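This briefing is for a reader new to the structure below. Please look at the sequence and the model first, then read the points that follow.

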Amino acid sequence: MEKSVVSDALDKQKVVVEMIRLLVDEFNCNHQADISQEVGSSAQQTIFSREGEQRQISQFLVDNMNSRRSGLMYLCGHPGTGKTSSLNLVLSKIRKNNNSLLSNNHQLYMYNAMTYSDVKSFALTLHQDLTQGLTGQEVKKLGRSQVDDEDISQLIAKTLAKSSNSQRDEFGNRSKDVHKIIVIDEVDQFVSNEKAFTLLVKAILRGSKSANTNTSIVGIANSVDLPFKKKHSAIAMRDCQLLFTPYSIDQLTDILEQKINSKVPQLPMKMKTKQIISMFVNLVDDRAFEFIAKKVAKLNGDIRVAFDMMKAALSTLADSVSTAKIMPPDNEIRVTYQLLLKIYE
Ligand SMILES: Nc1ncnc2c1ncn2[C@@H]1O[C@H](COP(=O)(O)OP(=O)(O)OP(=O)(O)O)[C@@H](O)[C@H]1O
Ligand SMILES: [Mg+2]
């Protein structure tokens with residue numbers, strides 16, 4: 001073989017390995033979407049196949065904002081069904097004010113219940129954040145011994161009511177008629193502290209002395225039957241419940257395929273040849289998609305398992321191409337059913 005032909009082949013082999021590894025990175029997802037970190041960040045992932053759920057969340061918030069109403073929405077579903085990331089996406093759209101229906105006049109407060117020892121410690125933080133957010137002034141957090149659960153709930157209700165329509169003058173210009181959105185992820189964590197949590201949620205929704213608080217709460221958890229098991233609990237006060245059903249085989253296949261295709265416009269220039277793009281979009285064959293989708297659907301549709309399987313298969317493929325003495329033909333550079341069988345059976 002001529003020298004230039006050999007080096008062309010080597011170059012191509014390198015580019016192909018690089019291309020497969022790009023996709024490995026794509027499936028190397030953030031395993032636990034965090035509610036407070038991702039909103040508004042440019043690293044926001046695209047969420048496929050959850051448009052209906054996103055619409056419902058958005059509608060709930062828009063309605064509350066427009067009618068200056070308070071309300072509680074409960075999002076539930078098995079792990080890895082996209083609850084946190086779908087909400088993140090809706091919130092980041094609200095923040096960017098892409099949706100023309102939404103008023104600019106809102107503030108977001110986001111928490112993960114897992115990071116608090118109990119409801120009181122959460123309520124103290126919430127009180128501090130709300131006071132600072134709504135007045136623009138630094139305030140010290142109240143000490144645990146200064147207030148009981150009822151006191152802190154009422155203080156929060158008053159703070160929220162002050163920034164709503166009825167008493168807008170108190171805080172001056174910054175705080176008129178602001179709709180507050182309080183997100184609590186992993187909210188089932190607070191169930192063991194039910195009494196305090198119910199007091200708090202009641203105060204947020206109904207205000208003190210019936211003053212309107214103009215506040216939406218969004219709670220997220222895995223448990224589907226939480227509001228039914230505990231009929232007088234905080235979550236049972238929900239105005240709206242949205243179940244994220246486990247991803248079906250079709251949805252899983254669709255998400256995996258869309259994730260690959262959506263990467264095409266972001267490929268580096270050197271990969272933007274007809275040949276490489278064609279290899280890229282055909283890297284996984286249909287039976288391989290089906291194999292992964294079926295396995296994961298059986299496991300209640302946790303998408304992270306599908307991403308992990310994809311990642312493992314693509315890594316194996318990248319290794320085998322990179323160590324091959326002779327570059328295999330294009331149509332053999334694929335994640336196949338047989339390859340997955342070798343890895344997973
Ligand atoms: N439909 C989807 N399309 C693309 N990526 C998705 C989709 N659903 C989930 N993901 C990704 O999977 C990961 C897990 O999703 P997420 O954290 O939103 O699930 P969850 O339902 O909140 O899980 P948990 O109950 O464990 O908190 C995230 O990195 C997210 O970006
Ligand atoms: Mg989550």
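Of the 345 residues in the chain, 36% are buried; a residue is buried if 20 or more other C-beta atoms, placed from the backbone, lie within 10 Å of its own. This is a predicted model, in which local features need pLDDT of at least 70 and side-chain atom pairs count only at pLDDT 80 or more, while totals for chains, interfaces and linings use all residues. Residues are numbered from 1 along each chain as its sequence is written, and chains are lettered from A and ligands numbered from 1 in the order in which they are written.

**Overall**
- The chain has 13 helices and five strands, which are DSSP runs numbered from the N terminus (helices H or I, at least four residues; strands E, at least two).
- Among contacts with a separation of 6 or more, 80% join residues 24 or more positions apart; a contact means C-beta atoms, placed from the backbone, within 7 Å.

**Helix α6**
- Helix α6 covers residues 149–162, and its 14 residues should span 20 Å at 1.5 Å a residue, which agrees with the 20 Å between its end C-alpha atoms; the expected span is 1.5 Å times one less than the number of residues.
- Its buried residues include Ile152, Leu155, Ile156 and Leu160.
- The buried residues of α6 pack against α5 (119–135), β3 (179–185), α7 (194–206) and β4 (215–221).

**Ala293**
- Ala293 lies in helix α11, residues 286–298.
- Ala293 is buried because 24 other C-beta atoms lie within 10 Å.
- Leaving aside residues up to four places away in sequence, Ala293 touches Ile249, Leu252, Thr253 and Ala306.
- Val305 is twelve residues from Ala293 in sequence, and their C-alpha atoms are 9.7 Å apart.

Technical notes:
A residue is buried if 20 or more other C-beta atoms lie within 10 Å of its own, exposed if 12 or fewer, and partly exposed in between; C-beta atoms are placed from the backbone. Two residues are in contact if their C-beta atoms, placed from the backbone, lie within 7 Å.
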